[in-house]
Structures are given as structure tokens and as C-alpha cells.
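Subject: Structure handover

Hello,

Please find the structure below. My notes on it follow.

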Number of protein chains: 2
Amino acid sequence: MSKRQGRKARGAQETQRKVDYRNLRNPFPPLNAFTEDRIDAIHAASLDVLGRLGIKVLLPEARSLFETAGARVDGEMVYLPAALVEDSIAMAPKSILLKGGVPERDITLTLGSLIFQPGAGCPHATDLERGRRAGTLNDYLELTKLTHHFDALHMLPPLVEPQDVPMNVRHYAMMRGQLTLSDKVPFVFSRGTPQVQESFEMLKAFRGVTDTEFSQNAYCYTIINTNSPRQLDVPMAQGIIDFARAGQVSIITPFTLMGAMAPVTVAGALTLSHAEAMAAITLGQITNPGAPMTYGTFTSNVDMKSGAPAFGTPEQVKASLGAGQLARKLGLPWRCAAGSAANINDAQAAHETEISGWGAFLAGATVIIHSAGWLEGGLTISYEKLITDMDMVQTFAELCTATDADDDAIALTALAEVEPSGHFFGATHTMERYQTAFYDPVGMDWSNIGTWKERGSEDANTRATAIWKDILRDFVPPKHAPGKIADLDAYIAEKTALGGAPPES
Amino acid sequence: MSKRQGRKARGAQETQRKVDYRNLRNPFPPLNAFTEDRIDAIHAASLDVLGRLGIKVLLPEARSLFETAGARVDGEMVYLPAALVEDSIAMAPKSILLKGGVPERDITLTLGSLIFQPGAGCPHATDLERGRRAGTLNDYLELTKLTHHFDALHMLPPLVEPQDVPMNVRHYAMMRGQLTLSDKVPFVFSRGTPQVQESFEMLKAFRGVTDTEFSQNAYCYTIINTNSPRQLDVPMAQGIIDFARAGQVSIITPFTLMGAMAPVTVAGALTLSHAEAMAAITLGQITNPGAPMTYGTFTSNVDMKSGAPAFGTPEQVKASLGAGQLARKLGLPWRCAAGSAANINDAQAAHETEISGWGAFLAGATVIIHSAGWLEGGLTISYEKLITDMDMVQTFAELCTATDADDDAIALTALAEVEPSGHFFGATHTMERYQTAFYDPVGMDWSNIGTWKERGSEDANTRATAIWKDILRDFVPPKHAPGKIADLDAYIAEKTALGGAPPES
């Protein structure tokens, strides 16, 4: 009964307040962690790392590309001259249009734009009703629906690993899920050329994109994690090359935990992360000058007592701010991350995602990944946390809107209308605006404790359970042209019969 | 067993990492909500409110002071000329030294300094073991101990109302608690001149402050809430006068919920709040030019579906940013607030305190009140939430520290020492720094899920319970000169025998 009332209230409110969370621009000047001269010093040190210490590149084709471009190659080690790196980065586009299934889902990656993704890459999923389990295709599809539901989540990530689908056909299931359940920009794992090419084919056919259009615009993206420190493995290097050749987007993300895969200092970790990101961007640009790639970092620290990854730390905030300065030095759009190391969606989990989320937001990140649902440092995605974190994501979206301060907003007439110690509930100024004046939250319950107890004393997670179940129950996928799903299924059946495409590793 | 290990780990860590959370300066440029011309327009509208609409002042002495200074008084309404307001504000000090019981507890209120208080003024207290109850003196004393424990909480607030102590003697019990349990700056309720004067007497005697010293420096503070809209009641006006005459600090705080006691728009609510704050500061300055007073605001919105107060909303963040601009226009230190409307310390509660806390931090607030423990829009203070929120407060404190980026921090030697795809756990650079490199959290648990389950699957609130109980168990009050407590008790016994001091209202 109370839940149903809650649902009705939510539905009713949606028709009253018009919001546009789709094309966000961060209105705040980015905050800095370092003076400009120290950013120059970090940049110079990163170039020194690439030129003098080198980076290990496991893919022969990548080494060959580097060598042809002027790098020194010695065994698997590649040493990059500073001029090659800087010239390559200068070729990377400063603004990238990523086309969705419909124009309203197009997004632009550029400094100043603000794009959110929920948690990505989790092996496990959890919710209050079914508990923590290895991720399944059903989880992946449900979480994709939840992602599609919220306009403030702009890209589809690989939320959870569908471990019940064999690796050689998993890319079919994931691309099918993304294309049929959403018109947002889809993700493709860089797990070898065959899977990547087949994913491109499915996307082009389903969304009616010609080869020419596909070569001229970006329609999907991959995430490239370097193997910090200073290594680029086979599938990652291959992914950079494949995506650059296809003109599709690589989001470069060294994952550098201070004290583990990176130096124990913020400046040291950023020096490493910056070097690796520049090396990866260089590979993409020498493969195909002008290929769409973003800069990125995911730098936090470990708990030095246990070695466990920690998120939402002050050091992560500082690293995010510093990374933003380095991104702006290069002029490139960049990704950053929120996230939590907590084991359940409690006050710690909310705290960590908020701290790291604000850090990324204030750093001027273009794409903030893991901004909703990410628990256990990414080992698990929580259905409930995805819901509760949306109030943070949507708050950032609301902060992107201008705050009226014209004479009408200043409201001298209302101030004259209400007597001293009176109230504004019934004032004309209030009545004209009350339905649309304020943010309408996803999961925040502001009822007083008496009402809250009458409704069953539901905590945030219990309410979130009702909310995600409502969304899934009422989910309506975007309309697709007739025959598209059947054609896609026929393609998948044919490829599956041929054995699929084993991943490279 | 696990809790004891946790305690030991906490204790051990404290000896390793030196932090100074006592004298914080906010390193970030404040963020703005409005253009400067709109701030000017709000300021002008506020002056128009005071001059044309007026403010109702219930205390005859205050009306008399206003009239003598040049205001027009008509019945209980006072109309303030703009010049009087602006001249008065120009007399208010831009930097206020508040002296604690020892020099290390002195704080300076000025634009750029950053001072935290936990939740204040709650009628109820709650914790997992004893449940939600009307506040008692025992709760007040325990919560004062918890406040004293954390260096990042710089002032003692009236955390909870000790409802088991009669109003005519409550100020004795509260001042005794503050003085004996802490050497931080104490709070005095403005509940009439007799209670205020007796509180001053207890403070001076206990801390050995002469009348001359007391007249020359500030040693305590009060909070002045206007009765928005546009009213100043008897105890509040009396408090402004009493504190101004004594040279003690008034923190001015219109509490303006958009849509209820204030217009439904951010700009309208700020216009009202700004007008009321300026009127209150004017009263203090005409009473005693140069009296130490801060500007302040506490502006959030109500849920227009229910009329319930809401906190941690985007509108609250915008109001905080705008209020900071107005404070900087006046050049005065100012207070802002964090807080939550949630009924328990769950993900919603953490979200709301973090959103409003970041809003206040980024707005450049001098004093952030309700930054830990405040639930139900201030109806209840939670022991557990006080603990879990401290990781937010201490994160802000950590962000006030500079981030090293000298050559040693950039760590090229460490980057050269570790092979590609190796790790930095054992690197010399790491070993030299690992014990002190990272923030040591109060309540965040970064153990992996296996270890976490072995330790009992404790959520943040369960861990927080163990933490606050540990702090209370191990609490050692500051040392006091011999006889001070006995003298104070004798004073209180004498005054109590005479009937105490009934509050004014």
C-alpha cells in the first residue's frame, strides 16, 4: 500500500517537473591540487618515464607501429621520444561526438561536458532479495534496463560480467542486450579483434549505420586499462589499434592504486598514470591520426595495513583533481571514477561514492564511471546502491542548471505578501511554482518519523528494492524498426553455430 | 575479538601519522551560484526589505536601540535605512579570535578559515543500543565527550537538549559539562540575560579569565535564529544585545526553508535570509560597535508534497553557494550547515549530509554546523552517524593540506626501481612512507568480503557503535587546575538553591 502510493507519487511528479539530464555542462571552474609548475614537472617526469624507462608492449604489431613512428624498441620494451608523444597527442580530437541510437542519445566528449556511467566490470551482482552471486546474463540485462531508465546515465557500461555465458559468445549476448534494451551508446570489450569486429557488425546492422557513416562517426566505445606499472598487454594494445582504425572511441584508463601498482604518493601515481595514458593515446594516434580517444585515470590508494584497495579517500580526491589538471594540459576529454570499497550499501558505501564522486565532479571530469552501484572496489554491483547513488548523480545534474535570480526569483512581492513570522506555503509566488521548484529525488524519503514508522520503517535499501523492481516491471524498451531483432538473432545464431569468437588474452 | 583488534589497529595507527586538524584553511576558491550583478541585486532587494517592509522586533529594548540609531519604529515594526545597515556591517570585525581553554583550542573565525561543529540543538538522541529517546543530560555529556575527542570538531555545540534537567538550572549542567569535559570553545543558549550572565560567570571563573580579558576577547558563542520571515523574538534580540555588550560571539542564522518560512526560490530565500542576518548584525553593532558577530544562513527547502523539511538537496547546495557570495560581499565570516532529513543512518542519511556538507565546504563557509550526527532534520542526533560522518569532516580537513609534488613525491627513482607489471609494495619509496602516506579513517572498513564476513559482517553502524563506546570508555577529560570543579559545583549549588534562572521566551 505504502509502496504503491510511493510509486504513484513518483509517477505523478514526473509529469510535473521537466528536467533535462541528457546534455550536461559542468558549470564550475575545476579545482586544482597542484600549482601549474608542478603539473609541468609531472608532465616532464612522465615523458622521462616513457623515453628513458620505457613501457613494455606485449603485442608485436603495436611494437612495430611504435618503431615505425620513431620509437626505440628493445625486445618488448618501447622507448618513446617526447616529441613523438606530444605530436601524437596533438592529433587527438578535443571533442568527440558519440552517436546513440537516436539523436537525443548523442553525447559529446569534451572538456566541460559531464557524462555519467553506473558501476562497470563487476564479476558479482547483489540485491537484497537474491543476495550476492556471480553475475549472470539476467543480471546484466536487468542492470542495463536500470541504466537505460535514468537519463542522467548517458552511456551503457559492462555493468556486470555475465559469467553464465561462455566467453566465445558473450559479446553476442551483451551487444544484443544493449541494442535491444537501450538506445544509449553501447560498450564493446577489447577482447581481441574477432569479438570487436563482430560487435561493430551487430551495431551497424541493428542501428542502420552504413560503413561510411561508421568510419566517419563514433557509435560505441571501449575501455583500455593499462597493466600498471608500464605495461600494455595484448588485448588492450589490440583494442587501441582496432578502435583507432575503426574510428571508434577508446577511453584510456590506467588503474593505479597508490602503494600497489603505483608509487605511494599522489604525484608519483599521477606521473605513472599520465605516462601510460600518453603512451596509449600515442599508439592510437600513430595507428590512425585523429582517432577518437579520451585521456583518463583511476587513481586511488590501498590500505597499507592490509593491501586492500580503498576508495573515497582524500588521496583519491587529490589524484582526481591533479589528473584533471593534466587532462587540461593536454586539452583532452577525460574519464575519472567514483566508487566504494564497502561490502554493503551502508553509510560507508554512500560516503565513499560521494567523496570520490564529488572529487571527479570538481576535477572537471568529462566521464565519471562507477558513479552508481559500485561496491567492494568493483567486485560487486548492487541494485540498491545503483538506485541510492542516483540521487548523487542527479544532484550533480541539477547543479548544472542555472539558478534563477531575476527579479521574479528574488520575489519582493512574495516577501511583501507574507506577514512577519507567517509562512509562504499559500503565497501566490509559491503556488505558481511549488510543483516544479525543487528536485524530485529517486530514493530520499523526507517523511517525519511518525509517518515513516507507519509506512514500515523502511531504510534506504528497502525502498531502493521497491524502486528497482518497479522500474524493471514497468520497463519498456525503445522501439526498433521491424525485423531488426530477428535479423540480429539470426546473425548471432549463425555465428554461434560457427563456434563464436574466442577472446584473446 | 575482532573489535579489539580494530581498536588496537586504530590506536597503533594514531601514533604513526601526525595530522593537525585544528587550524584549517579552505584551500579552494569558493564556487558561485550567481553572477556578481545578481548578488548585488539580492543585496539591494534585502536592503529594500529592511527599509520598506521592515522587521518585527518583539523586544522593546531592541526597538529602542534601533530607533536611537536612526531606524523608523512603528509599533513592533522596525524599518532600517540602508545606510544604517551598511554602516553597521562595516563595523563588524572581519576576523574573530575565539579563545579556548588552552591556546591550541583557539580558533579564528574569518573568511577562509574552516571550522566544524557536529549536530546541534536536537531534542532527541539515538543509538543502536538504547534506541531513540528524549535527550538527557547523560546524552549531552556523552556527545560532548565524543565532540571533544575529534580535533576536527572545533567548537562545542548544544548537541542535544538535556530534557531531564529543568530549564531554570539546565544552563548550569550544560556549562559544567562543557567546561569539565573539554577545553574547546563552549556554547551558551540565548535564553535570557540571567542565564547568559551566569554562563559567562561560570566560564570566567573556571577558565581563570579576568573581567578585563573577557571584555577584550571572545571565549564563548551563541546562535541567533531569527523567526523567519522578518521577525526577531525576545530571547534572540536579548541574546544579540547581551553578547554584543559582553564582546562575545553571536553566530547569526536565519533558518529559511524555501517554500515554508521563505520564498520558494533560492534567490528569494536568500534575499530574506540576507535581510534578517543584516538586521541582526545591525542590532549588535549599534549595541556595541565592533562586537564579534558572524553572518550566517541555513537555507534548504521543504518537500512540497508534504511540507516536510528536506536536506541535502541541490537547492540547499545552491543556497549555500549564494550565501557564501553574500558573506564575501559583506566581508564577514559566516556559518552554513550540513545535515540530513533521514530517519536512520542509512545511505540516504550519508548522502544528504555529504551533499550539504560539500555544498557548505565549496561555498567557503567559515563554520559548518550539523556536520556530523544530525538526523531527522535536527530532531535527533545519532551517536553512530556522528562517527560515520567524521570521515567526511576529516576528509575535508585532509583536503586542506597541500599535496606534495616535489621531485621526491614524483618518485622517478621508484618508477625506475619497479619493473613493468610489478608492484610498489616493497619499493624503497613506499617503505619510507607507507605508514603515513594515507588518511587513516574513523569508520571505513576496507577489508575484503571474506575477511569482513569472518569478522561478523558488521555494517557501518555496528562498527560505529563499537567506536563511540570505545571513545567513551577511554575518555580522559582535559586536566583542570585544582579546585576548579569544586568551585564550579559550589557556585551551581548556591545558584540552584536560590531557584536557578528561569529562561525568557
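Helix 11 (residues 314-330) of chain B lies across strand 13 and strand 15 of chain B, running at about 155° to strand 15. Helices (H or I, at least four residues) and strands (E, at least two) are DSSP runs, numbered from the N terminus. Axes are lines fitted to C-alpha atoms, for helices over the stretch in contact, and angles run from 0 to 180 degrees between N-to-C directions.

This is a predicted model, in which local features need pLDDT of at least 70 and side-chain atom pairs count only at pLDDT 80 or more, while totals for chains, interfaces and linings use all residues. Residues are numbered from 1 along each chain as its sequence is written, chains are lettered from A and ligands numbered from 1 in the order in which they are written, and side-chain values use heavy atoms, without hydrogens and water.

In chain B, 3 strands form an open sheet of mixed pairing, in the order 13-15-16; two strands pair if DSSP finds at least two bridges between them. Strand 13 (255-258) and strand 16 (309-310) of chain B each have a single partner strand, so one side of each is left without a neighbour in the sheet. Helix 10 (residues 266-287) of chain B packs on the sheet, touching strand 13 and strand 15.

Between the chains, 115 residues of chain B are in contact (heavy atoms within 4.5 Å) with 115 residues of chain A. The count of salt bridges (a side-chain nitrogen of Lys or Arg within 4 Å of a carboxyl oxygen of Asp or Glu) between chain B and chain A is 4. A:Asp407 and B:Arg38 meet in a salt bridge at 3.2 Å, N to O.

Regards
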